[in-house]
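Hi,

Here is the structure I promised to pass on to you. Have a look at it first, and then read on for what turned up.

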Amino acid sequence: MALRSKPYGLAVPVARPAAGTAWERAQHWLAIGGPIGLIPWVPATWASLLTALVCWWALPRPALILGIAVVLLVAGGFAASTAERLTGIEDPRNVVLDEIAGQLLTFLFVAPTSGWIMLAGFGLFRLFDVLKPPPARAAERLHGGWGIMADDCIAGFDAAVVLWLVVVALRQLL
């Protein structure tokens with residue numbers, strides 16, 4: 001089956017599988033981040049914001065962030081591939097597990113200990129996710145769910161480096 005291109009706009013049509021086994025539907029549910037992917041308006045932004053808020057509240061350690069991100073990358077690669085196949089849409093816009101992993105990686109070097117760090121990390125991740133500077137753009141072309149996951153993980157790492165540089169620079173100035 002040929003995949004359809006994804007439509008762009010603020011409203012996101014909820015791509016639900018027409019068929020599939022219970023296991024495939026569970027993978028789809030994981031790929032869309034459970035109920036987050038059902039939000040009809042910019043679910044990727046909501047997934048990123050909710051992840052940033054959880055990180056601000058929980059203050060995870062770098063080893064935990066990296067471990068969870070690796071698990072999400074692997075599980076998400078398979079789950080997003082299944083979501084593409086079940087919906088017939090290339091990179092369905094309601095697949096948000098990639099945003100969760102990428103936003104999590106944004107706080108790899110700097111914990112969101114204040115609201116401004118959390119918001120800066122959120123904004124930087126969304127910026128890098130949209131702009132997709134190299135090598136994120138190239139990673140997006142990986143096959144299936146692997147491209148869906150890889151570009152956002154790279155964007156999250158890029159945002160982490162910039163967030164760290166900003167925080168270090170501000171500490172030197174203040």
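One term before anything else: a residue is called buried when its relative accessible area is under 20%, exposed when it is over 50%, and partly exposed in between (1.4 Å probe, protein chains only). Helices are DSSP runs of H or I with at least four residues, strands are runs of E with at least two, and both are numbered from the N terminus.

Keep in mind that this is a predicted model, where local features need pLDDT of at least 70 and side-chain atom pairs count only at pLDDT 80 or more, while totals for chains, interfaces and linings use all residues. Residues are numbered from 1 along each chain as its sequence is written, and side-chain values use heavy atoms, with hydrogens and water left out.

Let's start with helix 4. Ten of its ten residues are buried, so helix 4 is largely enclosed by the rest of the structure. The buried residues include Leu97, Ile100 and Leu105, and also Asp98, Glu99 and Gln103. What covers them? Helix 1 (22–31), helix 2, helix 3, helix 5 and helix 7 are among the parts that do, with contact meaning heavy atoms within 4.5 Å.

Now for the nonpolar cores. A nonpolar core is a set of buried Ala, Val, Leu, Ile, Met, Phe, Trp, Tyr and Cys residues joined through side-chain atoms within 4.5 Å. The largest one has 29 residues, and those with the most contacts inside it are Ile65, Leu72, Ile100, Leu105, Phe107 and Leu163. At least two residues of this core come from each of helix 2 (43–58), helix 3 (62–87), helix 4 (97–106), helix 5 (115–131) and helix 7 (145–173). Helix 7 supplies the largest share, seven residues.

**Aromatic pairs and a surface patch**

Rings of Phe, Tyr and Trp (its six-membered ring) pair if their centres lie within 6.5 Å; planes under 30 degrees apart count as stacked, over 60 as edge-to-face and the rest as tilted. How many aromatic pairs does this rule give? The count comes to two.

Phe78 and Trp146 form an edge-to-face pair, 5.0 Å centre to centre with 80° between the planes. Phe78 sits in helix 3 and Trp146 in helix 7, so this pair ties together parts that are 68 residues apart in sequence. Phe109 and Phe157 also pair edge-to-face, at 5.7 Å centre to centre and 75° between the planes. Here Phe109 is in the loop between helix 4 and helix 5 and Phe157 is in helix 7, so the pair ties together parts that are 48 residues apart in sequence. Phe109 is partly exposed, at 41% relative accessibility, and Phe157 is partly exposed at 38%. Beyond its neighbours within four places in sequence, Phe109 is in contact with Phe157, Ala160, Val161 and Trp164.

Phe78 and Trp146 turn up again in a nonpolar surface patch of about 540 Å², together with Leu66, Val70, Val74 and Leu142. Patches are made of residues with over 30% relative accessible area and no salt bridge: like charges are joined within 9 Å, nonpolar side chains (Val, Leu, Ile, Met, Phe, Trp, Tyr) within 5 Å. The areas come from the Shrake-Rupley method with a 1.4 Å probe, and for residues only the protein chains shown count as cover. Helix 3 gives the most to this patch, with four residues.

**Salt bridges**

A salt bridge is a side-chain nitrogen of Lys or Arg within 4 Å of a carboxyl oxygen of Asp or Glu. The whole structure has six.

- Asp129 and Arg126 meet at 2.7 Å, N to O, and both are buried. They are three residues apart in helix 5, which means about one helical turn between them.
- Lys132 and Asp151 have their closest N and O atoms 2.6 Å apart. This pair links distant parts of the chain, with Lys132 in the loop between helix 5 and helix 6 (136–139) and Asp151 in helix 7, 19 residues apart. Lys132 is buried at 10% relative accessibility, and Asp151 is buried at 2%.
- Arg137 and Glu140 come to 3.4 Å between their closest N and O atoms. Arg137 is partly exposed at 37%, and Glu140 is partly exposed at 25%.

Finally, Arg126, Asp129, Lys132, Asp151 and Asp152 are linked in a network of salt bridges.

Cheers
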